[in-house]
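Here's a quick briefing to keep beside the model while you click around. Have the sequence and the 3D view open, and take the topics in any order you like.

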Amino acid sequence: MSTTLKIAAGSILVGVVVLALKTLAWRLTGSVALLSDALESIVNVATAIAALIAIRVAQRPADPGHPYGHHKAEFFSAVLEGVLIISAALLILREAWHAFQNPRDIADAGLGMAINASAGVLNAIWCWILLRQGRRLRSPALVADGKHLLSDVISSGGVLLGVGLAVTTGWSVLDPALAMLVGVNILWSGWKVMAASLSGLMDEAVPETTLAVIREIISDKASGALEAHDLRTRHAGAVTFIDFHLVVDGQTTVTDAHEICDRVEASIMARLPDAQVTIHVEPEHKAKHSGVLVI
């Protein structure tokens, strides 16, 4: 099992433990704010399962029906996470509205808050692991899961603060008010996750900093060629697709042109290990006198 799959499987286990702790905290206290925290943890488990499935699909090798691989499966998982997060937020807002209409006192606040806090600490540790490893492994599914957990950690901290204030002041209306704030925060988090994932599904180009690195490599390593133009990039999961046209002198042999391409491709993959590079060799009269000029 790959590292990415192991981390995704770990997310399910952590999510189940956190859900159990937060559900216990809600049952002890009857707090709608703690209920909102528990409802978000249900989404955590569902999205962790979706991420695991998507990562398994994304790691399948290319086949005749999918010659470019299955890498975009992770983006679908991240979009699904966004939909589930938004659904949970709407459910939380509904529960908060009902609690506004029928406010009630919070019972066993100390024990319930301590249990919820322990769940929050566990989430914070796992969130750090997901974001760090997800970025290192270039996994959109793990990064989306980590960002979702980050919003959960922040909202859990706010929930604990609000429940504490509701208990100490006796203002029971603070409990549903805080649940409503949690719902709005989760709603915004879900939208951000969906927006980032949809950009990947739309074949968004790599960041400008990465594009500058690619141009620099072509300019430095394509000696023997004249220019490179029509450079295009896109990313799908951990893979970066790069293609461009390389103009060579009309007298250049096929063997020499191939050696130039191999040198450029090897240099790009040394900096971007998961890159897939396609180079179209063209004769001099195809030059556009634009793009990357070879040193």
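**The annotated spans**

Residues 38-55 are 100% helix and 0% strand, with end C-alpha atoms 26 Å apart. Helices here are DSSP runs of H or I with at least four residues, strands are runs of E with at least two, and both are numbered from the N terminus. Bear in mind that this is a predicted model: local features need pLDDT of at least 70, side-chain atom pairs count only at pLDDT 80 or more, and totals for chains, interfaces and linings use all residues. Residues are numbered from 1 along each chain as its sequence is written, and side-chain values use heavy atoms, with hydrogens and water left out.

- An unreviewed UniProt entry lists residues 7-26, 38-55, 75-93, 113-131 and 152-171 as "transmembrane region"; such annotations may be inferred rather than shown by experiment, and the positions follow the numbering used here, with feature names shortened.
- Residues 152-171 come out at 90% helix and 0% strand, and their end C-alpha atoms lie 24 Å apart.

**Helix H1 and its end**

- Helix H1 takes in residues 3-29, and its 27 residues should span 39 Å at 1.5 Å a residue, which agrees with the 39 Å between its end C-alpha atoms. The expected span is 1.5 Å times one less than the number of residues.
- Thr29 belongs to H1 and is buried at 4% relative accessible area (buried is under 20%, exposed over 50%, partly exposed in between, with a 1.4 Å probe and protein chains only).
- The Thr29 side chain reaches the backbone oxygen of Ala25 at 2.9 Å.
- Just after H1, Gly30 has a positive phi of about 75°.

**Cavities**

- Searching the whole structure turns up two cavities of 30 Å³ or more. A cavity is a set of points on a 1 Å grid over the protein atoms alone where a 1.4 Å probe fits but cannot get out, and its lining residues have an atom within 4 Å of a point.
- The largest cavity has a volume of about 50 Å³, volume being the space filled by probe spheres set on the points.
- Its lining residues include Ser11, Asn44, Trp126 and Asp145; H1, helix H2 (32-58), helix H4 (109-136) and helix H5 (140-169) are the elements giving two or more residues each.
- That lining of the largest cavity splits into five nonpolar, four polar and one charged.

**A strand residue to check**

- Asp230 sits in strand S1 (residues 225-236) and has a positive phi near 55°, although Asp230 is not a glycine.
- At 35% relative accessibility, Asp230 is partly exposed.

Definitions and conventions:
A polar contact is a pair of N or O atoms within 3.5 Å; within protein, one must be able to donate a hydrogen and the other to accept it, and residues adjacent in sequence count only if both atoms are side-chain atoms. On a 1 Å grid over the protein atoms alone, a cavity is a set of points where a 1.4 Å probe fits but cannot get out, and a pocket is an open set with protein on both sides within 12 Å along at least five of seven lines; lining residues have an atom within 4 Å of a point. Ala, Val, Leu, Ile, Met, Phe, Trp, Tyr, Cys and Pro count as nonpolar, Asp, Glu, Lys and Arg as charged, and the others, Gly among them, as polar.
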